[in-house]
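Hello,

Here is the structure I promised to pass on. Have a look at it first, and then read my notes below.

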Amino acid sequence: MPAAAVQSVAVPGLRRNMVTICAMTATIMQALDATIANVALPYMQGSLSASQDQINWVLTSYIVAAAIMTAPVGWIANRFGRKRIFILCSAGFTLASVLCGLAQDITQMVLCRLLQGMFGAALVPLSQAVMLDSYALHERAKAMAIWGMGVMLGPIMGPSLGAWLTETYSWHWVFFVNLPFGLITVIGLMIFMDETRLNTELQFDWFGFGALAVGIGALQLALDRGEQLDWLESWEITLEFIVSAVGFYYFFVHSLTTRRPFVQFAIFKDRNFATALIFMAVIGVVLFSTMALASPLFQNAYGYPILTAGLLLATRGGGTFVAMMMVSRLMTYFEARTLIAVGLSLIAITLYDMTGWTADVSVQTIVINSVLQGYGIGLVFVPMTTAAFMTLPNHLRTDGTSMLTLVRNVASSIGISIVIAQLTSGTTRAHAVLAEHITPFNNALQMPNVTGTINLNTDIGRAMMDLIVSAQAQIIAFSRDFELVALVTVCAIPLALILKSTKAAMRAPSADHAAVIE
C-alpha cells in the first residue's frame, strides 16, 4: 500500500459526525465565496474609490488564485498531511476573509482576495476526500449527498445572502460572515480529525506545476476579462490565450515524458473517474452559466427587485436539497448511470422550457421549473461523485478530488464566458432583426391602440419603441442561451452508459471497502 494511503477502518459515531460538520462548514465557506461578493461590487467600488476595471479584479484575483492552487492540493496533502493542510487552509481562508472586510483601498482588497483564493482552493477537494474516507463504500452516496449540499447550495444561495447582507449591513459583512464558519472548522478539525500518513519521499515537480499554473492562470484571465475587452479584438486576450496554450503544451509534454509527473495520470485510467470528469464539466457549465443568466434575466428583463430575484434563484437550491436527501436511498435500487441519465434529461427539459419564457412568465412557472431543474442537478451530482471514487485506489483519492474541483472551476468559467458573450452578441443581432420591421409600412404599428401610446413621429415615441425592441431582443438572446446549454446537457446523456455498475457495491456493506480519516 502506498505511504499516503489510509487504513480500511470506518470512523465511528460522534467523531465521524463532528468531522462531517467541519468538512461541511469548510465547503460552505468556499462555495459561498464563489458568488457572494458579486452583488456587492457596486458598493465596494464607491467605498474603495476604484474604477470599473479595477473593481472587477476583486473577482478575477480570487478565481485565478483558486484555479492555480487547486491542482497541487493532492501532492501537498500527501506530502505534509491532510489534517495539517486542512487546518492551515481553513485558518488562512478565514483570516484572509476578515482582511478583505477590513480593506481600505483596491490594492489591499485584491491582495487579500488573492490570499483568500490560494487558501480556499484546497477546502473543497480536502473536504470531499475527508468525507469519502469517513464512510464505508455502501455509505458513500449518503456522504456525497451531505457534502454536495454545501457545494451546490453555496453558489445558489450566495447572491441572495450577499444581497441581504449588503443591503441590511454593508459589503464588509459579505466577508465577515466567514468568521464563525472558519472558527468552527479550525477548532473541530484540531480536536476530531486524525492525521494521514505522510509520504516524505514525494518530490515536487516544479516545472510541471509552473507550466500548469501558467496555462490555467492565463486561461482564467482570458475567460474572466474577455467580455470586457471584446475577446480576440484585444491584444491582451489574444496574448493570454497564446500563453495558456503554450503552458498546457509544455505541461502535457513534460508530464508524459518524466518519471514523476506533477499530476498522477493513473487517475485517468479509471473509467468511472474519467467519465465523472466529463459530467463534472457539464455540471459546472449548467449550474454556473444558468446562474449567470438567471440573475440578469430576473432583474433586468423581468424587473424583479434583487432580493426577489435571489429568492427565485434559491428555489433551485431547494430542489437540489430535496434530491440530495433522497438520492442516497435511490442508489440502493437504481444504478448511478440511470439516475444520472434521468437527472440530465430533467435538466435538459427544464432548460428547453425556459427558451419559451417571456416577460409575462408567472412566478409559479419560474418556481416549478427551478425546483425541477435543481432536483435534476442533485440526481446527477451525488451519483456522479459516488461513482467517480467507487473504483479509484485510496492513495489517489485526494488527487482525484482536486482534479474534479479543478475541472468544475475551469468548465464553469468557460460556460459563463460563452453564454455571456452569446447573450451580448445575440441581443445585438436580435435587435437588428426586430428593428428592420419598425417601418411606416408595418400595419401593426398603425393600429389605434399602438399609435395612441407610441407616436413614431416624435423623439419620445421612437425612444419608447427602441426600449421595447431592446427588451424583446434581450429576451430572445436569453432563450438562445438556454437552448445552447440544453443542447450541451443532451449531448452528455449517452455518456452515462460508460459508467460501471454501482448497485452491488451500494447494497453490500464490506469492511474491505470502508475508509477512514487517519
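**What I found**

On the surface, F207, I242, V246, Y249, Y250 and V253 make up a nonpolar patch with about 600 Å² of accessible area together. Patches here consist of residues with over 30% relative accessible area and no salt bridge, where like charges are joined within 9 Å and nonpolar side chains (Val, Leu, Ile, Met, Phe, Trp, Tyr) within 5 Å; accessible areas are from the Shrake-Rupley method with a 1.4 Å probe, and for residues only the protein chains shown count as cover. Helix 13 (residues 235–257) supplies the largest share of the patch, five residues.

Before you go further, please note that this is a predicted model: local features need pLDDT of at least 70 and side-chain atom pairs count only at pLDDT 80 or more, while totals for chains, interfaces and linings use all residues. Residues are numbered from 1 along each chain as its sequence is written, and side-chain values use heavy atoms, with hydrogens and water left out.

The protein chain has 21 helices and zero strands (DSSP runs numbered from the N terminus: H or I of at least four residues for helices, E of at least two for strands). Its C-alpha trace spans about 80 × 50 × 50 Å along the principal axes. Of the 518 residues, 53% are buried (under 20% relative accessible area; exposed is over 50%, partly exposed in between, with a 1.4 Å probe and protein chains only).

Inside, the largest nonpolar core has 109 residues, and F273, F298, Y302 and F381 have the most contacts within it. Such a core is a set of buried Ala, Val, Leu, Ile, Met, Phe, Trp, Tyr and Cys residues joined through side-chain atoms within 4.5 Å; a contact means heavy atoms within 4.5 Å. Helix 14 (residues 271–301) gives the most to this core, with 16 residues.

The whole structure holds nine salt bridges (a side-chain nitrogen of Lys or Arg within 4 Å of a carboxyl oxygen of Asp or Glu). One of them joins R397 and D133, at 2.1 Å from N to O. Since R397 is in helix 18 (residues 397–435) and D133 in helix 8, this pair ties together parts 264 residues apart in sequence. R397 is buried at 2% relative accessible area, and D133 is buried at 1%.

Another salt bridge pairs D33 with R113, at 3.8 Å from N to O. R16, E139 and K142 are linked in a network.

Best wishes
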